[in-house]
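Subject: Structure handover

Hello,

Here is the structure for you to look over. My notes follow below it.

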Amino acid sequence: MAIKQFKPATPSLRHTRLVKHKDVVTASEPFKKLTFGRKRHMGRNHHGRITAPHKGGGNKRLYRVVDFLLDKKNIPARIETVEYDPNRSAYIGLALFKDGERRYVVLSKGMTVGSTFIIADEAPLTTGNRMMLKYIPVGMLVNNIELKAGGGAKLARSAGSSVSVAAHDAGSTLLKMPSGEVRKVPDICFATIGEASNTDHGLASKGKAGRSRWRGIRPAVRGTAMNPVDHPHGGGEQKQGIGLRKGPKTRYGKQAYGVKTRNPRKYSRNLVVSRRKTKRNTPK
């Protein structure tokens, strides 16, 4: 896969870098039985009020039903097509199982049309196969990981993401996240061998604001450029500092930038062995 560059015919094209999907994608239309239309909420709640900023607009998206539960065990499957999904960054593939059922799955890096995989408690250590964590050796990269047995894939589902198996200990597997956090997961949870596909996704550059609007991303405005009624940083002539004793805040008045936001009473607190490194907890 490669990154597509453009001749600088316009100022925006000079900085545009896009992934060459045509080199990978093999189908222009999705499998109709596994699609449906749905209304996107665009950051609004049921009252129509904005609860997540910088969202709205964008092109329509046909939703593909991707199988994250992955509960068809001991039945071999073959990838029929590799497809682009506008709802996620990784590529998806239409998997034909030996019993005749078709499902969409998130592909691992290196999987193409004709690739085979199997979901089993213990399977060969090849890319795309899905198996229990306790049978995966230390140091191997995995994706689409369960947090609870039978709960479906929750971790490392986006393009190019992967988690490293750090250790096995007393019914648990220690996973090292891309953020640096080390976390315990029951070793009977399932994971897929390899990295998630479309590893060049992070190298792309939109090049212009319009491409963000097509994706439903609205502009982000600095707090200092707002009025005091709209943001704690607002007011003045935009040249003064934030001027708050406890540091910067979000538009809702909560502390920001390096502040711990994890609930200390969260059920999974004891499962985090080592917290991720941030600016405030990194040793100098």
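Start with R103. At 16% relative accessibility, R103 counts as buried (buried is under 20% relative accessible area, exposed is over 50%, partly exposed is in between; 1.4 Å probe, protein chains only). R103 lies in strand 7 and D71 in the loop between strand 4 and strand 5, so this pair ties together parts that are 32 residues apart in sequence. Strands here are DSSP runs of E with at least two residues, and helices are runs of H or I with at least four, numbered from the N terminus.

Two points on the basis of all this. The model is predicted, so local features need pLDDT of at least 70 and side-chain atom pairs count only at pLDDT 80 or more, while totals for chains, interfaces and linings use all residues. Residues are numbered from 1 along each chain as its sequence is written, and side-chain values use heavy atoms, with hydrogens and water left out.

The salt bridges

The side chains of R103 and D71 meet in a salt bridge at 2.9 Å, N to O (a side-chain nitrogen of Lys or Arg within 4 Å of a carboxyl oxygen of Asp or Glu). D67 also meets R103 in a salt bridge, again side chain to side chain, at 2.9 Å, N to O. D67 sits in the loop between strand 4 and strand 5 and R103 in strand 7, so that pair links parts that are 36 residues apart in sequence. D67 counts as buried, with 12% relative accessibility.

E101 is another partner of R103: the closest N and O atoms of their salt bridge are 3.0 Å apart. E101 counts as partly exposed, at 31% relative accessibility. Through shared partners, salt bridges join D67, D71, K72, D99, E101 and R103 into one network. The whole structure holds 7 salt bridges.

A closer look at D71

Where is D71 placed? It is in the loop between strand 4 (62-64) and strand 5 (77-83). Its relative accessible area is 41%, so D71 is partly exposed.

Strand 6 (residues 92-97) pairs with strand 7 in the antiparallel sense over 5 bridges. In that pairing, G93 stands opposite V105, and I92 has V106 as its bridge partner. The two strands form a hairpin with 4 residues between them, and G100 in the turn has a positive phi of about 100°. Strand 5 and strand 6 also pair in the antiparallel sense, over 6 bridges. There, A95 is the bridge partner of I79.

How many residues of strand 6 are buried? The count is 6 of the 6, so strand 6 is largely enclosed by the rest of the structure. In a regular strand, side chains alternate between the two faces of the sheet. Both faces of strand 6 are covered: I92, L94 and L96 are buried on one side, and G93, A95 and F97 on the other.

Best wishes

Terms used:
Pairing = 2+ DSSP bridges.
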